[in-house]
Amino acid sequence: RVIAGPAAGRTLAEHGADVLHIGTTKLPENQSQYLDGGHGKRSADVDLDSPEGVDRLNHLINSTDVFLQSFRPGSLAARGFGPEDLARVRPGLVYLSLSAFGHAGPWHMRRGFDSIVQAVSGICDELASSGRPRFAPANPLDYATGYLAAFGVMAALKRRATEGGTYHVRVSLAQTGRWLTGMGRASEATYGSLPAELPNERLSELMTTSLTPVGRLTHLKPIAKMDVTQPRWDLPTAPIGHHPAAWE
């Protein structure tokens, strides 16, 4: 729920979705990571420990197309917000579940995040230096899983438009790791002469500045380029509770 889930919602927002992030100030947040994942979204504070919060979320679900969640497996289902529950009350819904280790197998109920999954999938061993395991930089499992999740939602929405139906999209960090580790490896000749960091000129091309409720932020802009519907974020990132828990 820190990077992968927010990256999925952010990606949907940059392709035109009206995204409302539901969070709670009762849970700790890494401020910089939260703001990075919030571009293009409105953000509301809903306490699911209160009857009012449960009623509010149920009210929102009645008029939503996509429900995206990346909490520990089973945690929202225990509160009545599992995929089967919402399929009954909102036929036609696309429900996205994002987890660490997938929906099957002996570890499917375990919580986890990028570096944990890297450690158990062999990535840290392959990148070891002087016998010490190392993580791949830049949280590749988190971000790749977020992008794959958004792609899965788009595919489900397209299928719903042509065939109807209710859909459950499932992605996991572990399956993304399996996909990435199964790819070929570039030779050292391919990357050995490249600079360790991007030059400032190239970084400037990739960055933009936004005026947000927490001040001026300089950050990466959408990377994808399209001819007609150019990806963009129509709203600046905002802290939890900055917007009402309602659809506009």
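Tutor: Before we start, one term: a residue is buried when its relative accessible area is under 20%, and exposed when that area is over 50%. Keep in mind that this is a predicted model.

Student: Okay, let's begin with helix α1. How many of its residues are buried?

Tutor: Helix α1 runs over residues 4–14 and is mostly covered. The buried ones include A4, P6, R10 and E14. The count of buried residues in α1 is 11 of 11.

Student: And which residue takes a positive phi just after α1?

Tutor: Look at the spot just after the helix α1. The phi there is about 110°, and the residue that takes it is G16.

Student: Now the salt bridges. How many does a search of the whole structure find?

Tutor: For this one, a salt bridge means a side-chain nitrogen of Lys or Arg within 4 Å of a carboxyl oxygen of Asp or Glu. Searching the whole structure for such pairs gives a total of 13.

Student: Which residue meets R42 in a salt bridge?

Tutor: R42 belongs to strand β2, residues 41–45, and its partner sits in the loop between α1 and β1, 24 residues apart from it. The N to O distance is 3.2 Å, and the partner is D18.

Student: Where do R88 and D85 lie, and how far apart along the helix are they?

Tutor: Their side chains meet in a salt bridge, 2.8 Å from N to O. R88 is exposed with a relative accessible area of 61%, whereas D85 is partly exposed at 23%. Both lie in helix α4, residues 83–89, and because they are three residues apart, the separation is about one helical turn.

Student: What about R185: which residue does it form a salt bridge with?

Tutor: The closest N and O atoms of this pair are 2.7 Å apart. The pair links distant parts of the chain, with R185 in the loop between α8 and α9 and its partner in helix α6, 59 residues apart.

Student: Let's move to Q69. Is Q69 buried or exposed?

Tutor: Q69 is placed in strand β3, residues 66–69. Leaving aside neighbours within four places in sequence, Q69 is in contact with L76, Y95, L96, S97 and L98. Its relative accessible area is 11%, and since the cut-off is under 20%, Q69 is buried.

Student: Which residue has its backbone nitrogen 3.1 Å from a polar atom of the Q69 side chain?

Tutor: Here the side chain of Q69 supplies the polar atom. At 3.1 Å from that atom lies the backbone nitrogen of F71.

Student: Last one: is F81 buried or exposed?

Tutor: F81 is in the loop between β3 and α4. Not counting residues up to four places away in sequence, F81 touches L48, V54, L57, N58, I61, F67, L76, L86 and Y95. Its relative accessibility is 1%, so with a cut-off of under 20%, F81 counts as buried.

Student: And how far apart in space are F81 and A104?

Tutor: In sequence, F81 and A104 are 23 residues apart. In space, going from C-alpha to C-alpha, the distance is 19 Å.

Conventions
Residues are numbered from 1 along each chain as its sequence is written. This is a predicted model: local features need pLDDT of at least 70, side-chain atom pairs count only at pLDDT 80 or more; totals for chains, interfaces and linings use all residues. Side-chain values use heavy atoms; hydrogens and water are left out. Buried means under 20% relative accessible area, exposed over 50%, partly exposed in between (1.4 Å probe, protein chains only). Helices (H or I, at least four residues) and strands (E, at least two) are DSSP runs, numbered from the N terminus. A polar contact is a pair of N or O atoms within 3.5 Å; within protein, one must be able to donate a hydrogen and the other to accept it, and residues adjacent in sequence count only if both atoms are side-chain atoms. Contact means heavy atoms within 4.5 Å.
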